[in-house]
Structure formats: C-alpha cells, structure tokens
Amino acid sequence: MARVEIVSIPNGQFVQNCYLVGDERAAVMIDPGEEASRFLRELTRRNWKLQAIWLTHGHIDHIMGVETILGAHPVPVYLHPADRPLYDGLAQQARLMGFEWPPAPAPTHELHHGDHLTIGDARFEVRHVPGHSPGSVAFVAPGMIIGGDVLFNSSIGRTDLPGGDFATLMHSIQAEFLSRPDSTRVYSGHGPETTIGVERETNPFITGAYRLE
C-alpha cells in the first residue's frame, strides 16, 4: 500500500476523533465532528487538498462539522444508506441532547460492503460493521482499520442507542476486526489508537471478562 499519514484530531464535547488521511497530494476527512475550524486549519497547515469526506456512521458527534467543511471545500460525502435516517435527523439528535444544531447537507455517495476507495495511491476497502448503528462501516487497508465506534481501546461501541444491537456488534468485531493480524492498528472514533493483538488479549468484551446481564 502507498504510504499515507493519518492525523487524529480529538475534538468537541464528545471528544470524538476526526481523522485526516493524506499524502503529499490529497487528503480525505473521516468523521468531521464538532470543531470543524480545527480540521480546516490542519488541512491548510499541511497544504493538503481535500478530496472527500468519508463517514463511518451517522451519529451526531461524527457529522456535526460536515456543513462547515463543505462550505470551505465542496467535496463528495460518503455514507452507508442504512445510516441515512440518523444523518438526516442531525437536528433531532441535537435536541435530544439539549442543544440546537442545523441539519447537514445531504450525502452524495453511498458506501457498501466491499467498495474500494482511494486517497492518492492508497486503497481502502469498505466493510459493513453494524451493531453500534445499522450503517456503521470501517475503512480497511493493509495494517490498519479506521473503524468508527465499533472497537475501542479496552471497550466497544454503545448499543443502547436507536439501531444498536449488542450481538450484531460482537459479530462485526469477530468477523471484521479479530480476523485480522494482531499487528493491525485500530483507529477508533474515540480514545487512543490500539491494535487487534492488544484488544484480543485485554479487551474485557472480547476475553469474556465482561458479561452482558
């Protein structure tokens, strides 16, 4: 795989990780959260040309910055269709949490399991990983997974939100994460980077130390 740099930008009230994935020619933005101005400044600082926005899912903390980013860079927006209702309900999601936020512009492209996306010379495969939300996806390349809110360092994504399901999430983790080499780096939607090997050995949801009552 061609070499790309992955820049994590924790941001906002949800401490969500927005990722810039780029090389010397172009970049994509994955999950632009609340503090869009920070992401734009980082693009400018690196002199990266934004090529697209890729969304792992449609929860509020991962899409709050879409409108601002598109105002500066009118690029395609990619989302799995099963999460379109969540995405279209951004304003309603905000109200449920006690604040106001405007709707986001409609996505322009659908993501489907097995699709391939490129950034520069690098190639990522889309894997559908439902459970946290119906349309959650991971972007997979050799040695890495940018996985949204599926698998975290020592934890997993919530399944108590609308569309979440614990058994489905665990199946996604087993099929699409734990099937990969231990050295695979996992870039999650919240918290620090981890690896498949570390989570296989220490994550209580995987080792069985945590039992769902």
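Where is the place of Val-15? Val-15 sits in the loop between β1 and β2, with helices (H or I, at least four residues) and strands (E, at least two) taken as DSSP runs numbered from the N terminus. This is a predicted model, where local features need pLDDT of at least 70, side-chain atom pairs count only at pLDDT 80 or more, and totals for chains, interfaces and linings use all residues. Residues are numbered from 1 along each chain as its sequence is written, and side-chain values use heavy atoms, with hydrogens and water left out.

- Most residues other than glycine have a negative phi.
- Val-15 is not a glycine, yet its phi is positive, near 45°.
- Asp-31 has a positive phi too, of about 60°, and it is not a glycine either.
- Asp-31 lies in the loop between β3 and α1.
- Asp-31 has a relative accessible area of 2%, so it is buried (under 20% relative accessible area; exposed is over 50% and partly exposed in between, with a 1.4 Å probe and protein chains only).

**Aromatic rings**

- The structure holds 4 aromatic pairs; rings of Phe, Tyr and Trp (its six-membered ring) pair if their centres lie within 6.5 Å, and planes under 30 degrees apart count as stacked, over 60 as edge-to-face and the rest as tilted.
- One of them joins Trp-54 and Phe-124 edge-to-face, at 5.7 Å centre to centre and 70° between the planes.
- That pair links distant parts of the chain, with Trp-54 in strand β4 (residues 50–54) and Phe-124 in strand β8, 70 residues apart.
- Trp-54 also pairs with Phe-139: the ring centres are 5.1 Å apart and the planes are at 40°, so this pair is tilted.
- Phe-139 is in strand β9 and Trp-54 in strand β4, so the pair ties together parts that are 85 residues apart in sequence.
- Trp-54, Phe-124 and Phe-139 make up one aromatic cluster.
- Trp-54 and Phe-124 are both buried, and Phe-139 counts as buried because its relative accessibility is 0%.
- Elsewhere, Arg-46 lies over the face of Trp-48, 5.2 Å from the ring centre (the cut-off is NZ of Lys or CZ of Arg within 6 Å of the ring centre and within 35 degrees of the ring normal).

**Nonpolar core**

- The largest nonpolar core has 28 residues, and Met-29, Leu-43, Leu-55, Val-66, Ile-69 and Tyr-87 touch the most other members; such a core is a set of buried Ala, Val, Leu, Ile, Met, Phe, Trp, Tyr and Cys residues joined through side-chain atoms within 4.5 Å.
- Elements that each supply at least two residues of this core include β1 (5–11), β2 (16–22) and α2 (66–72).
- The top contributor to this core is α1, with 4 residues.

**Pockets**

- The largest pocket has a volume of about 440 Å³. On a 1 Å grid over the protein atoms alone, a pocket is an open set of points where a 1.4 Å probe fits, with protein on both sides within 12 Å along at least five of seven lines, and lining residues have an atom within 4 Å of a point. Grid points are joined across faces, edges and corners, and the volume is the space filled by probe spheres set on the points.
- Its lining has 19 residues, and His-59, Ile-60, Gln-93, Met-97 and Leu-161 lie nearest the centre.
- The largest share of that lining, 3 residues, comes from α4.
- The second largest pocket has a volume of about 150 Å³.
- Among its 10 lining residues, Arg-123, Glu-125, Val-140, Ala-141 and Pro-142 lie nearest the centre.
- β8 gives the most to this second lining, with 4 residues.
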